[in-house]
Amino acid sequence: MYSGHNRMAVFSQQQIAEAMMRLLSEEQYDAISVSDLCREAQVSRQTFYTLFESKDNVVIYKLSREYCYLPESAFHESSCSPDMDSMCRYYSHYIISHRSMLALLARNNIMHCLYDSQYRSFLECPSLLRNIPDNEKAYVADYYASVLTGLARTYVMRGCIESEEQLTRIIKNLFQGAYCC
């Protein structure tokens with residue numbers, strides 16, 4: 001996926017991402033071809049493959065820029081370190097405020113794009129994993145991304161019925177091992 005600063009390339013990425021969202025609102029992800037996407041975005045297939053390589057990368061790009069959970073947002077500003085209560089509250093708020101996008105991902109069986117976006121977000125957050133040995137950071141990021149993506153999927157598949165407080169309690173219990181046998 002392109003990550004440079006060329007204005008035209010960045011503009012084309014945005015056009016493609018917006019086109020993907022428009023098409024997703026009308027049809028299933030699997031029914032959207034790269035040709036359809038290029039036509040909607042008014043870009044060539046070569047431009048598409050230069051910038052994204054796959055449809056999944058378009059969704060990940062959109063999520064990373066507009067819908068990604070950023071763990072550093074839950075940290076206490078005074079300590080710049082993770083606080084479990086804050087993380088759980090912030091993620092509950094994230095799920096509820098982005099439920100429409102999460103439902104779109106779940107309906108189209110592309111929650112793995114959310115996982116990918118969140119995994120990168122966790123790995124790139126230096127404060128979150130600073131006390132974790134380097135050889136274990138990928139495992140911790142995978143755990144957080146897996147649990148939170150699964151929780152978001154379950155929330156939307158159940159009809160978005162839990163309150164923010166209920167979700168906060170569930171997330172905290174999960175991370176504290178309260179549901180272990």
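This is a predicted model: local features need pLDDT of at least 70, side-chain atom pairs count only at pLDDT 80 or more; totals for chains, interfaces and linings use all residues.
C160 sits in the loop that joins helix 8 (137-157) to helix 9 (164-176). Although C160 is not a glycine, its phi is positive, at about 60°. Its relative accessibility is 26%, and C160 therefore counts as partly exposed, since that class covers what lies between buried, under 20%, and exposed, over 50%.

### The chain as a whole

The secondary structure of the chain consists of nine helices and zero strands, so that, read from the N terminus, its elements follow the order α-α-α-α-α-α-α-α-α. With a radius of gyration of 18 Å, close to the 16 Å that the globule rule gives for 181 residues, the chain is as compact as a globular protein of that length. The C-alpha trace spans about 50 × 35 × 30 Å along its principal axes. Buried residues make up 43% of the 181 in the chain. When contacts between residues at least 6 apart in sequence are considered, 64% of them join residues at least 24 apart.

### Helix 1 against helix 4

Helix 1 (residues 7-26) packs on helix 4 with an angle of about 100° between them and with the two axes 9 Å apart. Because angles of 65 to 115 degrees count as roughly perpendicular, helix 1 is described as roughly perpendicular to helix 4. On the side of helix 1 the contact is formed by V10, Q13, Q14, I16, A17, E18, M20 and M21, while helix 4 contributes K55, V58, V59, Y61, K62 and E66. Sorted by class, the residues of this contact are eight nonpolar, two polar and four charged.

### Helix 5 against helix 9

Helix 5 takes part in the contact through M84, D85, C88, R89, Y91, S92, H93, I95 and I96, and helix 9 through E164, L167, T168, I171, K172 and F175. Eight nonpolar, three polar and four charged residues make up this contact of helix 5 with helix 9.

### Residues in the loops

E53 is placed in the loop between helix 3 (45-51) and helix 4 (55-67), and its phi is positive, at about 75°, although E53 is not a glycine. E124 belongs to the loop between helix 7 (111-123) and helix 8. Along the chain E124 and A141 are 17 residues apart, and their C-alpha atoms are separated by 9.4 Å.

| Residue | Relative accessibility and class |
|---|---|
| E53 | 53%, exposed |
| E124 | 62%, exposed |
| C160 | 26%, partly exposed |

Terms used: Residues are numbered from 1 along each chain as its sequence is written. Side-chain values use heavy atoms; hydrogens and water are left out. Helices (H or I, at least four residues) and strands (E, at least two) are DSSP runs, numbered from the N terminus. Buried means under 20% relative accessible area, exposed over 50%, partly exposed in between (1.4 Å probe, protein chains only). Contact means heavy atoms within 4.5 Å. Ala, Val, Leu, Ile, Met, Phe, Trp, Tyr, Cys and Pro count as nonpolar, Asp, Glu, Lys and Arg as charged, and the others, Gly among them, as polar. The radius of gyration is taken over C-alpha atoms; the globule rule is 2.2 Å times the number of residues to the power 0.38. Axes are lines fitted to C-alpha atoms, for helices over the stretch in contact, and angles run from 0 to 180 degrees between N-to-C directions. Angles under 35 degrees count as roughly parallel, over 145 as roughly antiparallel, 65 to 115 as roughly perpendicular and the rest as oblique.
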